[in-house]
Every structure is written in C-alpha cells, then in structure tokens.
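Subject: Structure for your review

Dear colleague,

Please find below the structure that I am handing over to you. My notes on it follow directly after.

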Amino acid sequence: MANSSNFAYYILFLFLSSILFALQVNSTSRHVLNNHKGFTVSLKHVDSGGNFTKFERLQRAMARGKSRLQRLSLVANFATLSSKDDSNVKSTIHAGNGEFLMQISIGSPSESYNAIMDTGSDLIWTQCKPCKECFDQSTPIFDPSKSSTFGKISCSNKLCEALPMSSCRDSNCEYMYTYGDYSSSEGFLAKETFTFGKVSIPNVAFGCGNDNEGSGFGQGAGLVGLGRGPLSLVSQLHMSKFSYCLTSINDEADSKSSTLLMGSIAHDDDKNIITTPLVKNPTQPSFYYLSLQGISVGDTQLPIKKSTFSLNQDGTGGMIIDSGTTITYLEESAFSLLKKEFSSQVNLPVDDSSSTGLDLCFKLPSDTNNIQVPKLVFHFEGAHMDLPADNYMISDSRMGIACLAMGSSSGMSILGNVQQQNMMVIHDLDKETLSFVPTQCDKL
C-alpha cells in the first residue's frame, strides 16, 4: 500500500512539475521583461563586409528578393488552398530567409550566434547537436548538453500546439518547418535562455534543429521569427511594440549597422510620425498587411483601380511590409502605370540593356549622380509616405545609370526594405498600427 501511495505522489509531482514548466515557458519572459523597457540589437546586412559595389549589393539582394517573393506568394496561395480544404490542414510553408542578421546568445554559459531576422515567419530556431544533417555555419553548432538552462518542451504545451506541423516522441514536442524553396528545419521544441544585447531572458521557446536542409540559411545559424503568431519572439516576450531602422543601401561604407528595438523603447513620439492601420489576413495571420490606396508620381495620382491592392476574401492579394525583401514589388497592372508615368516625367533616355535586372533604368549624363526625379508618394490609409529619392532611385555614375528600385508581382504586393531605409518602422500590436518616422539610422 505504501508503494502505491508513493507512486501516486510521484505521478502527482510529475503532473504538477509539467504544469509549472508550461507556465514558466509562457510567463517567465514576461516577468523578466517587466523590469526592462526593452532592448536593442544591432543588425548586420548579410552582404556586409563583402566589398561589393552599390549595384553589386543591390543585384545580390534582388536575386534573394525574387526568390523570397516567390516563396511569399507560394505561402499565401498555399494558405488559401488550405483554408478551403475541408480537412482544415494548416499551412506548413513559410517565407524563410531575410536580408539582416541579428546577434543573439543562447544558453548558460552563453554562446553567440548570428540569426536571420524574419518579419515574415514566427518560429525561432537554430542548428543543434547532434546533427543528422546541418548546413555549414561560421560559428560552432549549439550543443544543448553544455547548457545548464536547456530543457525540452512537452507535447501538451500550447506552443507545441501552435506549430503548423508537429509530432510527439517520448512526450517531447518535435517540429518540422518548411520553406517555399523546399528548405526545412526539423528537430524538437525546447526552452533556453536567450540574450539580446545586455538583456538575458529565460525560457524562450525555440526549435532545436537536428536536420536542416537548404541553401538559404548559410549566412546565419538559424532564424528569429518576428511575425504575429504565438511562436514568434514578439509574441513570446509579450512586447506589443517593436521597431527597426535600416541603413541605406547607398552607403559606400556597408559596415554601418542597422538597429532592432524591442519593447517600449521603440520610438513613437516624433512629430513627423505617420501611422496606418495593420490589416489582418485570417489565412496568413503572421504577415503584416497594409492598406495601400494609391500612388502619386509628381503631381499625378496614378489611375490605379481601387481593388488593385485590396486583400481579397479568399486571402489573396493585398500588400505586406517585409524587412526581408529588398525592393518593393507592386501588382503588375499598378507597376505598369507607375513605370509609364515615371518615364514620362524623367527627362533622360531609357536604358534598355537590362544590365541591372531592374525594370526601369535611365542613362545618366557623364560623371554625375545628381538628376531630377519626380516625387513618389504611397497613399496608405491615414498616412501619406513621401519617399526620399534615395529610397526609390539607385544611381551609379561609374556605370552611367540610374534605376527605379521597384518591380512587378502577380497578386501579392510587398513594401521592400529599400523603401523603408532611414525610417524608424514601428509595429504596435496593441493598437494594430504601423508607423514610419524619418530617421538617420546609422546615428542611433
């Protein structure tokens, strides 16, 4: 009888311990961050230090951006098909990749890693030992056995349930996260102490990837999702506000770092702030959708149909803002109107060589970058974004060319990071708004 009683107490102890652990994973980070206004992390462009010219950087970034555009479109289309499926299959494809790396430290004692910042997905993950298959990374692969704060997450935890694809082995939550280019990360969900800047936060849930495939992640050791879903860093830290400030691609010194700010330190009290509502897409809840209502070139408002940038009832269309896509892509009918009007207002011959990969380029007069270009304004709901010329025209006197840093897409439109450069871009998830403040980002 005593043995039975002891066994019952043991089972009760395990049960209460599992509940306490689940509560810790979901609440400890909130408690720790109550003592902080937030934290700042430096961002480094993936091509930083590569000794590339301005156009070489742009072309490399555009090649990645086109791939990302295809992935994002695939994600949205897959989610739409899944939402129509009677079996209620969750979307299991994600955007992946990005243009900026953030330095994080993991474990106790902590080890430093560069991870891709991705506002288009949710899961935080890194490569972990023992590796079944891992891609090459510049830092040692994280070894959970050497950290005193590492722990696996059970299948009953709500974050395990939030995974689009998971399974259970020995009561531990296993995940598989796939991306639009057939890259993937597979492993188990765990909790660990993460350090951002000078702030250490325990019990952050992340994917410990033992089987990671694909060529798109070699710049870093994993990925930090900043989307709107429950698995993202934003949601886990219960920080309803974050912002980033991206330095200009025109800077010759590409060593200048950009900045990510998490929490109440994200600036939103500037008199020059413009704010527009965030739009939710039930079929793709992680993306940050905006309501673009029109575009002006100079004094001319383009005759774009009102429905062109609308989010359709089936979840297709719309415009997202994305830090991981380089140039802005506009639905093809709108881009065609923009290209035509822009060409008519620029008093320079068009360059048809297609040497840059951009859709609209002009031949520059010799030895000059100073040309007159029309103003370009994006009219969002409640906010008119008057773009500086550097945010849409890329010129190079050595090549004798100046190009419009935009392209066309089919269906979904994307506001890319060139158009966001030297702006503080503030996401406020409590107010469901996105704000822009002109900022000299390399001075932060």
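How many of the residues of strand E22 (residues 376-380) are buried? The count is 5 of its 5 residues, so that the strand is mostly covered, where buried means under 20% relative accessible area, exposed over 50% and partly exposed in between, with a 1.4 Å probe and the protein chains only. Strands, of at least two residues (E), and helices, of at least four (H or I), are DSSP runs numbered from the N terminus.

Before I continue, two remarks on the basis of these notes. The model is predicted, with local features needing pLDDT of at least 70 and side-chain atom pairs counting only at pLDDT 80 or more, while totals for chains, interfaces and linings use all residues. Residues are numbered from 1 along each chain as its sequence is written, and side-chain values use heavy atoms, with hydrogens and water left out.

Strand E22 and its partners

In a regular strand the side chains alternate between the two faces of the sheet. In E22, Leu376, Phe378 and Phe380 lie on one side and Val377 and His379 on the other, and all are buried. E22 pairs in the antiparallel sense with strand E16 (residues 292-297) over 5 bridges; two strands count as paired if DSSP finds at least two bridges between them. In this pairing, Leu376 has Val297 opposite. E22 also pairs with strand E23 (residues 383-387), again antiparallel and over 5 bridges, and here Val377 faces Asp386. The hairpin of E22 and E23 has 2 residues between the strands, and Gly382 takes a positive phi near 80° in it.

A sheet of 4 strands

An open sheet with antiparallel pairing has the strand order E20-E21-E25-E24. Its edges are strand E20 (350-351) and strand E24 (393-396), each of which pairs on one side only. E24 is joined to strand E25 (residues 401-404) by 4 bridges, in antiparallel fashion, and Met393 stands opposite Leu404.

Two buried residues

Gln420 belongs to helix H6 (residues 417-420). Why does Gln420 count as buried? Because its relative accessibility is 1%. Its side chain reaches the backbone oxygen of Leu415 at 3.1 Å. Beyond its neighbours within four places in sequence, Gln420 is in contact (heavy atoms within 4.5 Å) with residues including Tyr244, Ile321, Asp322 and Asn391.

Leu231 sits in the loop between E11 and helix H4 (233-236) and is buried, at a relative accessible area of 4%. Its C-alpha atom is 7.1 Å from that of Ala162, although the two residues are 69 residues apart along the chain. Ala162 is also one of the residues that Leu231 touches, as are Leu159, Leu163 and Ile124, with residues up to four places away not counted.

Cavities

The search of the whole structure finds 2 cavities of 30 Å³ or more. A cavity is a set of points on a 1 Å grid over the protein atoms alone where a 1.4 Å probe fits but cannot get out, and its lining residues have an atom within 4 Å of a point.

Yours sincerely

Key
1 Å grid on protein atoms, 1.4 Å probe; cavity = no way out; pocket = protein on both sides within 12 Å on 5 of 7 lines; lining within 4 Å. Points joined across faces, edges and corners; volume = space filled by probe spheres on them. Polar contact = N/O pair within 3.5 Å; in protein donor to acceptor, adjacent residues only side chain to side chain.
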